[in-house]
Each structure stands twice: as structure tokens, then as C-alpha cells.
Amino acid sequence: MALITKKPRGTEDLLPRDSYRWQFVEKIFHEEAEAYGYSEIRTPVFEHTELFERGVGNTTDVVQKEMYTFVTKGGDSITLRPEGTAGAARALLEHGLFNDPLPVKNYYLTSCYRYEKPQAGRLREFHQFGMECYGTKDPAADAELITAAKAIFDRLQIRDLRLEINSIGCPTCRAEYHKALTEYFSAYKDELCDDCKDRLERNPMRLLDCKVEHDHKLAEGAPTVLDYLCDECRDHFDGVKAYLDANGVEYTVNPKIVRGLDYYTKTVFEFITDSIGAQGTVCGGGRYDGLIEELGGNPLPALGFAAGIERLLLTLDAQGIVIPEPNRFDLFIGHMGDQAHLKASALTAALRTAGIKAGFDIVGRGLRAQMKFADKIGAKYSVVLGDNEIAEGKAKLKNMKSGEQTEISLEPEAFINSFTQIKLSEEFAE
Ligand code: HAM
């Protein structure tokens, strides 16, 4: 039978030799989210299709072209989540989380699925870290959220990340803006792609992020939303900028940023790098004050962002930022003879209970091959047990790099104490 060894296009395996890189960034996400008062939420990888149609929006590329949708054996239409916001909002409503003291702050680390054309930084299965905050209209909250995202990128030591912000207004000012857009694009109606002809009727703002080149060019000359903001939205946007200034967060206002999902209102923002080519937007987000109501809840203002983990890792690589690789073994216990094998097994178990990364041979190698293995896996220390060592209750602990040897008792508690001390003092000396 032929081997099945090809993963589906646009997916990636995370191999054991690379997983420390993900764990490193994930640890920073967890720590920073918690520092900002966020708690983790996990929602299903699939939801009812209608959630995304209503939440993300029927006229978006994500819903029109990119969703992995299928009908189950029970006849339900199900979609693999293309993003995290809609599912988190659904869970908030389903479990009444809006009754908790406001603002409610949730974060997630999730896989997402979009049927896009794969290229560097664009996958069909990718991963997002996202933060969602519910129950505040205050522009200080927008600035706090953006500051949190920046804190994460700073901790990752990413350089040259541009923050671009914009306001796309509320339904009141949007009505005027839509009129202006419809007028502008109607003049080019025959030149538009079929999707955009439809968008012109249903949601003219979606024309602004059409990926078809000619439409994209036309969009460059379109009226900008900032000229149509109502007083409330303008004040709000001024407030966001003032709080960002107060927080020392640098930004540029880019009136062309409208984001590709329908739920946004007022503030939108993106963090962009030039280090990884065309797919340089590592993070996007904004306010979505109407989404909870759109999903059937009582009105509840909200805001959030999501960062693409693959794009962040690509950026780290491109910028030469090295994630420290943890060593797999602190200590390898070599053994010769049945008694020593038993002792190695018991001692290793005791060391592991004490949090020491220890190992011994469990595949039946001879002593020479065991020590070669210890070297290969980068064990920092080794100890060899034979009949003599077992009889005397002590052995030689060897620093694999310097070759230095120290006598050590084989009584587990004494071993653990001495080993910890030696390791600490040598690490300190380094
Ligand atoms: P988004 O801009 O569609 O927003 O995606 C957020 C981030 O996910 C992007 O900036 C990018 O880093 C990453 N990303 C998106 N698509 C792909 C892909 N095909 N391959 C690799 N990475 C990708 C959202 O998803 C919103 N839910 C963000 C949000 C949260 N807004 C409010 N709250």
C-alpha cells in the first residue's frame, strides 16, 4: 500500500525539535494576558455556520470564499472557525459571562481555518493569540488593548513593527460614508469584479479590501472614512490617540485601514512588519460595539485583537531573534549490570520527582553507546553506575563539557541535594 506522507496544502506540522519555540511565545502570551487581567477561554474548533455568516459578515471574503463548511451526518451546517472573535462572543452570550463584573476580559490561543491561497505567512490552518474585552466604551480601553499587544511584541524583541490606527465610525456616520462610497464606485461599476458589483449593492466598504488588483487601485482614490465621522466617533478617536500618547505608544493614522471583517466599529488597528514580505500584518483588531447585539444579545460594547503566531515566529526568524533552546537532559545515568540498571531506574525516577531532567538507557545499549547517546542529546552531566558504585553507594558525577568529576552519594536525597548545588554553582560561574 502506498504511504500517506503528504499533509494537506497550507498546513504545517510542529515537530518536537521546534516545539520549544511555540512554547516560548505561548508562555509570553499567557503571562502578558494575565498581567492585563485577561483569563483564558477555549471554544470549539467548529461552530454553526450561521455564527460566522452573521458575525464576520456575509459580504466578507472570509465568509464568501474562505470558510471550511460542511454538512454533518445530522444535517447541520458546520464551519471550522476562521477566527476567534465570533466563537468567544457566542460563548459569552451562551454562558452569561456578561453578568460578571465589567469589563470582562478573555484571551485565547487557537487554530483557525481559511481556504486561502497558501504562501509565506499565509496558511490554511494557522494559529491566533487573541484578546477580547467586553463592556466598555471608554477610549482608554482601546489604548489599553493596543498597549497590551505592543507589550507582547516588545517582550518578543520584535523591531520595526508599525502600528497603524484608524476609525471606521459607527452605523450613524457609516450611512453617510456608504453613500459617498457608492457614488464613487458607481462611476466605475463596469470595471469592478463580480464580487465587488455585489458588494456595491450590499456593503460598499468591503470594496476597500478587495484583493483583485484593478479594484484595489480604484479603492485608492475612494473617499476616506475619517472625513465622515460623527462627533461622537471623532471624540472617541481623539481619546484613543490621547491615551496612546500618554502610554508612550507610537502610531500612525492610516485612513485606508478598514479591516476585512464586518463587525468593526470605531477604532481599528494593525501591527505591520516589513521583515516577512507581503503578509506582514502580524496583528489586527479593533472595536466591535455591535457584534453582541448582532448575535442576539443585549447591546454590549467590545473590542479585541488577534495576532498570527506563525507570522510572529517568521518575524523573529527574519530579524535574527533567537529563542533559547532548552536542554533535554540535565543528567544521564549510565549503567552496567543488572543491579546498576535497577538502581539507575529508581534513581532517575526520584530525580524526576524532584524536577531534575534525568534519563537512563531503556533501549539496551552497551555502556559506550549509552555515553555516546548522552553526548548526542546534550546531557550536561553524567554518572556511571556499575557493581562497585552500587556496593560503595557512591559514584563520580561528570560535567560533560569540562570533564570535571565530583564524588556523589547514590542515596537519592543526598544525590538530589549535591546535584542541585553543583549545578547551581556551575551555572552561576558560567
Ligand atoms: P484578522 O486580521 O483576520 O483578524 O486576523 C488576525 C491575524 O491572524 C492577522 O493579522 C494574521 O497575523 C493572522 N492571519 C490571518 N489569516 C492568516 C492566514 N491565512 N495565515 C496565517 N496567519 C493569518 C481576526 O481574525 C479578528 N478576529 C481579530 C480580532 C479579534 N478583532 C477583534 N478581536
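**Exercise 1. Arginine 259 in its loop**

Is arginine 259 buried or exposed, and where does arginine 259 lie?

*Solution.* 
Step 1. Start with the accessibility: the relative accessible area of arginine 259 is 14%. The cut-off for buried is under 20%, so arginine 259 counts as buried. Keep in mind that you are working with a predicted model.
Step 2. Now place arginine 259 in the fold: the residue sits in the loop that runs between S8 and S9.
Step 3. Check the backbone. Arginine 259 has a phi near 70°, which is a positive value in a residue other than glycine.
Step 4. Finally, turn to the ligand. Arginine 259 is among the closest of the 26 residues that surround the ligand, along with Glu83, Thr85, Glu116 and Tyr264.

**Exercise 2. Walking across the sheet**

Find out how many strands form the open sheet and in which order they come, then work out which strands stand at the edges.

*Solution.* 
Step 1. Trace the strands from one side to the other: there are 8, in the order S1-S5-S6-S11-S10-S9-S7-S8, and the pairing is mixed.
Step 2. Look at the two ends of that order. Strand S1 (39–40) and strand S8 (252–253) are the edge strands; each has a single partner strand, so one side of each lacks a neighbour in the sheet.
Step 3. S7 and S8 run parallel and are joined by 2 bridges, with isoleucine 165 opposite valine 253 of S8.
Step 4. Turn to the pairing of S7 with S9. Here the sense is antiparallel, over 7 bridges, and isoleucine 165 has phenylalanine 269 as its bridge partner in S9.
Step 5. Continue from S9 to S10 (residues 281–287). These two strands run antiparallel with 6 bridges between them, and valine 268 is opposite glycine 286 in S10.

**Exercise 3. A lysine in an enclosed strand**

*Solution.* 
Step 1. Count the buried residues of S9 (residues 265–273): 9 of the 9 are buried, so the rest of the structure largely encloses this strand.
Step 2. Confirm that lysine 266 belongs to strand S9.
Step 3. Read its accessibility: lysine 266 has 7% relative accessibility and so counts as buried.
Step 4. The phi of lysine 266 is near 50°, a positive value in a residue other than glycine.

**Exercise 4. Around the ligand**

Describe the shell around the ligand by class, and say which strand gives the most to that shell.

*Solution.* 
Step 1. Sort the shell by class: 11 residues are nonpolar, 8 are polar and 7 are charged.
Step 2. Ask where they come from. Strand S6 (125–134), S10 and strand S11 (302–308) each supply at least two residues of the shell, and S10 gives the most, with 5 residues.
Step 3. A ligand nitrogen is 2.8 Å from an N or O atom in the side chain of threonine 85. A ligand oxygen is 2.9 Å from an N or O atom in the arginine 114 side chain. At phenylalanine 305, a polar backbone atom is 3.3 Å from a nitrogen of the ligand.

Notes: Residues are numbered from 1 along each chain as its sequence is written. This is a predicted model: local features need pLDDT of at least 70, side-chain atom pairs count only at pLDDT 80 or more; totals for chains, interfaces and linings use all residues. Side-chain values use heavy atoms; hydrogens and water are left out. Two strands pair if DSSP finds at least two bridges between them. Helices (H or I, at least four residues) and strands (E, at least two) are DSSP runs, numbered from the N terminus. Buried means under 20% relative accessible area, exposed over 50%, partly exposed in between (1.4 Å probe, protein chains only). A residue is near a molecule or strand if one of its heavy atoms lies within 4 Å of it. A polar contact is a pair of N or O atoms within 3.5 Å; within protein, one must be able to donate a hydrogen and the other to accept it, and residues adjacent in sequence count only if both atoms are side-chain atoms. Ala, Val, Leu, Ile, Met, Phe, Trp, Tyr, Cys and Pro count as nonpolar, Asp, Glu, Lys and Arg as charged, and the others, Gly among them, as polar.
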